[in-house]
Amino acid sequence: MTHIWSMWTRLLVCLAVLLTTLPSVAQDARPQNKVAVELLSAASAVVPGQPFLVAVRQRIAPDWHTYWRNPGDSGQAMELEWRLPEGFSASEIRWPVPERIAVGPLMNYGYADEALFLVEITPPPALFADSISLRADASWLVCAEICIPEDGAVALELPVVGAGGFAAPSADSPAIMAAREALPRPGPWPASLDVSADRIRLHVAAPDLQAASNAEVHFLPFDWGVIDHAAAQPLSGDADGLSLTLTRGDLKTQTLDRLAGLLVIEDRRDGRHLRQAFVVEAAAGQPVAAALPAGAAAPRLVGEGASPPDGIGFWQALAFAVLGGLILNLMPCVFPVLSLKALALVQGEAHSHRRQGVAYATGVLASFALLAGVLVVLREAGLAAGWGFQFQSPAFVLGMALLFMALGLSLSGVFSIGGSAIGLGSGLAQRQGMSGSFFTGVLATVVATPCTAPFMGAALGFALTRPAMETMVVLLALGAGLAAPLTLLSFLPGLARLLPRPGRWMETFKQVMAFPLYASAGWLVWVLSLQAGSEGVLAAMAGLTLTGLAAWLLGRTQSAGNRLGLAASAATLVAAVGLSFGLLSTAPAPQPAAGGLAADDGSVTTVAYRPARLVELQSEGRPVFINLTAAWCITCKVNEQVALTSSRVTDAMARKGVVYMKGDWTNHDADITALLQAYGRAGVPLYLLIRPDDAAGAGMVLPQILTETILIEAFASLPEPAVRRSAGVAPPGRSLPRPGET
Amino acid sequence: MTAMPNRFRLSAAIALVALCASAAVRAEPVVGQPAPEFAAVDSNGQTQQLKAYRGKTVVLEWTNHDCPYVRKHYGTGNMQALQKDATADGIVWLSVISSSPGTQGYVEAPEANALSEQRGAAPTAVLLDPKGKVGRMYDARTTPQMFVIDPNGVLQYMGAIDDKPTSRHASVEGATNYVRIALAAMADGRPVEPKVTRPYGCSVKYGW
């Protein structure tokens, strides 16, 4: 009985499952589109005769992409076939800036995640319907590893208001307007071409852009066949500006006299990604436009461009790290442990060697991973606390100089780090077998870390300035270098014969290794001199001397075991840090260039940003335009070129009596950081228009990507100077005395 | 014994780097210049070489049987008709499959022959190029992509098969077939026009 019931139950369950899955199977038989399209309108109603913007929004499945007007080496751009009511017309698609998508050796230009394709719809001057319906048939190609041509119909119903009426912006209007702002605009720089049989040299006269060394610049042509899309586009700079060398494409046998496309400038510093794109049209043989107006070349700031290139490159750091790890094996704090272990290995059995070698390597790598994790956490905490781990920051450079000095002194034998740690771990390491090897690995790391090889200092400094993943990889490479010799030995025990005996040579080697560290500290002091001038050097010297004193005291304490000495050395170290950083903060920040408005003929008052001065100007009834910028911020530089060099902009500023305040954040000025934080920003650029009656933190924030129009419209919204109540207002054309002048 | 592994490893590393570098370099076929010489194994195990066909017109057709654009031409019988017409005139038609193993379009020899039979295709031979050597030599980027080489080995046309860059089957009707134009021009002794067009289709699935 029970048996039959359970059989029936089973049958019923099967049937139930089948019935519920069948419909979904039928549904799944028709594959879902990878791209969902819909039609959005910026206006909530149609006004006869008044053009308005609509957007086709593509929502693309993760890992898939659609294409730009020039899809690149393969692919197909979206096509729209409009079915519009009588009298309506639609413009061409206004293509958003695409990404470069590499597919093996091929290059495509397209979009991922989401893209808004703007189209301007023009209604006829007279409409007699209450509402109209806009329809389009869209077809596109969407690809990941394979390609799927898809299509979809989009439609939108809109009410019609009377001629001359008003249509409010729709709920989608902000997104559409933002997309319109992000459309590429004509570039401000004259461009010229140099065409040869195989190459095109595109020259952009933009002298201000070379200081930003971290930018990526690419040219994306509108038409196929002009360039080889996948080829590298080496960027070079000269006094006039930038040049991109493009490789010619399939149409190279045809003469080329015109090149049109997008110049895309990407700034990927500090983990953010700012992208600006400009339409560039160049004709071959056109001479580069005459020199920019006099005074256009921004005077080089003290410290501008003087920072070391953002650490060493990643691959060099990796190489240094592995090399450093290998050298660590020879240090006297590591070598004896290893040679003992090596001897034990040689005496043991063959197959357990290899496992022990692997266990050792695992121990080392695990410890380095932990160290990297700690560093990353500290760095994130520090970043959250507003520290910038940048070589641009004089405080960071000073800190690194003091650290290198201390490490060098430890290698010279003035004091020792981690002496007690060796004893702690050796009990664990003496255990036989795999766990013993694992702990030897951990031990080697613990004693190696403070006993830093000179290479490690650079790798550490580098690691602090880089994102977490790179830090992890570099430190693991260091671990790999450290683990390699013993692991190698475990696989080839015969090599143990080649091992030198521990001896006095190790101590000499260690002391010699101190000198590269001193040299690095010296170089950092040089960098500091560029950033903070002679006061910076004084601060560094004071700090280094006191660090030396602290080290000596500590060394004496260690040999004598004197409690008092320990306190004294700690106090000296604190004094070292305090005095040097204190002196550093009194070093005057480099004055920003008095200009910055390249078209400035003196009609616009220009001052450096100071909070007190801002309050003063507001009380005088002057509106203030604040430009927060930095020498290493390419977006800032591009904006300055695009928007702030225009005479129309300076005229608009002069007309309204706007004061131009420039805040240079190249060296992370505290006042500017405070202003950035007041507006909830972490970095530059930031453009503010502060009206006289604006409360603190309530100024008008302008977009991070500036155009002339944005600025002119913003200034146009200001009241005329005659309306301002307070005295001391300079009529347009005369500037107020500059700070420091009587 | 301990020294040799190191040297061996070093030379292996150099060879690997060289191989990768060479794979990354793309050749550039130029219309009006001699077409790149290649040697590849076809679906019947024969080695095919371009120079063996000196004295005959050669058409190269890059293909990937699952690509929607290729399916348009084979599904409508367009490609097969073109192949039959060309081979009837003594033209050598070589279909090339440059998909790397595991990617769309990759087939082994038996499957390649089965596909040709199923679809009624009539190429002279189907070249199997899983490492993408021939593809990179010709800078083949899409499937389909066509190259027409004259009896002297000079490249006369490269690019799309026709002027309808869509995968809609209906577009084959009334499309201007650039390959037919090129072959007709060459037969008449006229210059080929157009010489270069934008190839359309799925990307060729090269390996890394």
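These legends cover close-up views of a predicted model. Residues are numbered from 1 along each chain as written, chains are lettered from A in written order, and side-chain values use heavy atoms, without hydrogens or water. Local features need pLDDT of at least 70 and side-chain atom pairs pLDDT 80 or more, while totals for chains, interfaces and linings use all residues.

**View 1. A nonpolar surface patch in chain A.** A:Phe320, A:Val322, A:Leu323 and A:Leu326 form the patch. Together they have about 280 Å² of accessible area (Shrake-Rupley method, 1.4 Å probe; for residues, only the protein chains shown count as cover). Patch residues have over 30% relative accessible area and no salt bridge; nonpolar side chains are joined within 5 Å, like charges within 9 Å. A salt bridge is a Lys or Arg side-chain nitrogen within 4 Å of an Asp or Glu carboxyl oxygen. A:Leu323 lies in helix H3, residues 314-328. A:Leu323 is partly exposed, at 39% relative accessible area (buried is under 20%, exposed over 50%, partly exposed in between; 1.4 Å probe, protein chains only).

**View 2. Helix H6 of chain A, residues 394-412.** Helices are DSSP runs of H or I, at least four residues; strands are runs of E, at least two. H6(A) has 19 residues and reaches 27 Å from first C-alpha to last. That is close to the 27 Å expected at 1.5 Å a residue, counting one less than the number of residues. Of its 19 residues, 14 are buried, so H6(A) is largely enclosed by the rest of the structure. Just after H6(A), A:Gly413 takes a positive phi of about 100 degrees.

**View 3. Chain B, with 6 helices and 9 strands.** Buried residues make up 51% of its 208 residues. Chain B exposes about 9,600 Å², 57% of it from carbon and sulfur atoms.
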